[in-house]
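Here is a quick briefing to read with the model open beside you. Have a look at the fold first, then work through the notes below.

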Amino acid sequence: MCTTYLAYRIITELEQQGLAELLDYPWLIRLNPNIPAKTRGNGAVALHLRCKSNINKIKEIIIDKIEQLAVLEDEQTHPGVVFLEGNIPRELHEFYWKAVREVVSIEDAIRLCEQLGIEYYCWKLGRGIIGALAAVGAVLDDWTYELLVYRALKDGKRPRRISPLSVYRMDAATFPQTFDNIDYEHGTVLIAPRGPDPVLCGIRGEEPEVLQQAFALLEFHEPVEGWIIFRTNQATDHHLVRKQIKDVRQYDNVILVGRVASWPRVLPGGHVLFELEDGTGKIACIAYRETGKKFRKIVQALGPGDIVEVYGSVASYPGTVNLEKLKVLRLAKIYKEQNPRCPKCGARMHSLGKNKGFKCRNCGYTAKLEKERIELQREIAEGFYDVAPDARRHISKPVLRFGREKWLEHRRSTCSS
Ligand SMILES: [Zn+2]
């Protein structure tokens, strides 16, 4: 069962009973997407509540709902919940960055709860409290919103019935204020998840208002239980850390600047690989097939000496960065050597062996000439390149969001005042 749906049901219950009101949109927080022991979306939800009644009553309702809705038989489900009253301590903000960028153990989480006097409840392995703590401590210096719609019919096997045409119309009317609605390269609608969860669709965007407009443009051919808007760290790149190659570790999410050290190679399956070096070390960068034809074509067009900035994660193979984005900072001039043309007839000459000169097969002219150096026409331009949207992780920032960060708006308004 999806955590956001659980949150939706808890909020509905608390509001209907008049027990609490939300001080902000509920937060949907994504953690390090590389962790092996994670749930599918590796997300957690935080609710900021003003309690209008007995706090214990509210806690009881929340715990009841978890027990009622969490699918505890599921091997991957290890729910956890934490309750914190008052202000959010600095240690929780630090914990957020750790959970989103590194690996945190359940012991770290429990220790922090005990140190800060945070009430916590675990089911099974209780890994959920890691996400719960991180979500409470989340630092939203940049954020986006997601409007999630839930299906009334909980039979997960039924295909989702949303008019694709209405999704195209919605995208045309609201992009780029909403994004990742459609993967135009693969012709797929991205707002509807696959799989058995209760989510009918999710629309991602910059502001709550535009999400409501977008929602109104969609046509559903199945009953809807309800919808809710989350404030989220999705599409922020919060997981990425600038590093030097020598410091890259397994499960890291990194931004590296370096020089392309080899011609890219296409591997079986269509994945494209090249080596990157930065003076501290060398690392393989790979664009998996899933990243899309367009992106792989760009990666394939790189050449030795190009200066690039790579965005990606180090997962299953240590020492390999799985590309999430690529910025070509400077293209190298690459030359190709060619046999010279015959000065008499203009035909391409043939080498007579090393330092033995060239011979024209057309007219027989022989001479000691230099090879010609020709600058290679590059099939790539400097700039920022994204993977196909259906290959993008929740937390990865699409290229189109660069320059739209919320901290930038804040900085601008501070400057003008
Ligand atoms: Zn000739």
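This is a predicted model: local features need pLDDT of at least 70, side-chain atom pairs count only at pLDDT 80 or more; totals for chains, interfaces and linings use all residues.

Residues are numbered from 1 along each chain as its sequence is written, and side-chain values use heavy atoms, with hydrogens and water left out.

**Zinc site**

- The SG atoms of Cys342, Cys345, Cys360 and Cys363 coordinate the zinc ion at 2.3 Å; donors here are N, O and S atoms within 2.8 Å of the metal (3.2 Å for Na, K and Ca), and sites may look incomplete because water is not among the atoms.
- The arrangement is tetrahedral because the four donor atoms subtend angles of 100 to 119° around the zinc ion; for four donors, that label asks for all angles between 85 and 135 degrees.
- Cys345, in the loop between β20 (335–338) and β21 (350–351), and Cys360, in the loop between β22 (358–359) and β23 (366–367), are 15 residues apart, and the pair links distant parts of the chain.
- Cys345 counts as partly exposed, at 34% relative accessibility, while Cys360 counts as buried, at 1% (buried means under 20% relative accessible area, exposed over 50%, partly exposed in between, with a 1.4 Å probe and protein chains only).

- Six strands form an open sheet with mixed pairing, in the order β3-β2-β12-β7-β11-β8; strands pair if DSSP finds at least two bridges between them.
- β3 (43–46) and β8 (178–179) stand at the edges with a single partner strand each, so one side of each has no neighbour in the sheet.
- β2 (residues 27–30) runs parallel to β12 (residues 224–232), paired over two bridges, and Leu28 sits opposite Thr232 in β12.
- Helix α7 (residues 208–217) packs on this sheet, touching β7 (144–151), β8, β11 (199–205) and β12, and its direction makes about 35° with that of β7. Contact means heavy atoms within 4.5 Å, and axes are lines fitted to C-alpha atoms, for helices over the stretch in contact, with angles from 0 to 180 degrees between N-to-C directions.

**Whole chain**

- The protein chain has nine helices and 25 strands, taken as DSSP runs (helices H or I, at least four residues; strands E, at least two) numbered from the N terminus.
- Of its 417 residues, 47% are buried.

Key:
Four donors count as tetrahedral if all angles lie between 85 and 135 degrees; four count as square planar and six as octahedral if opposite donors are over 155 degrees apart and all others between 65 and 115; anything else is irregular.
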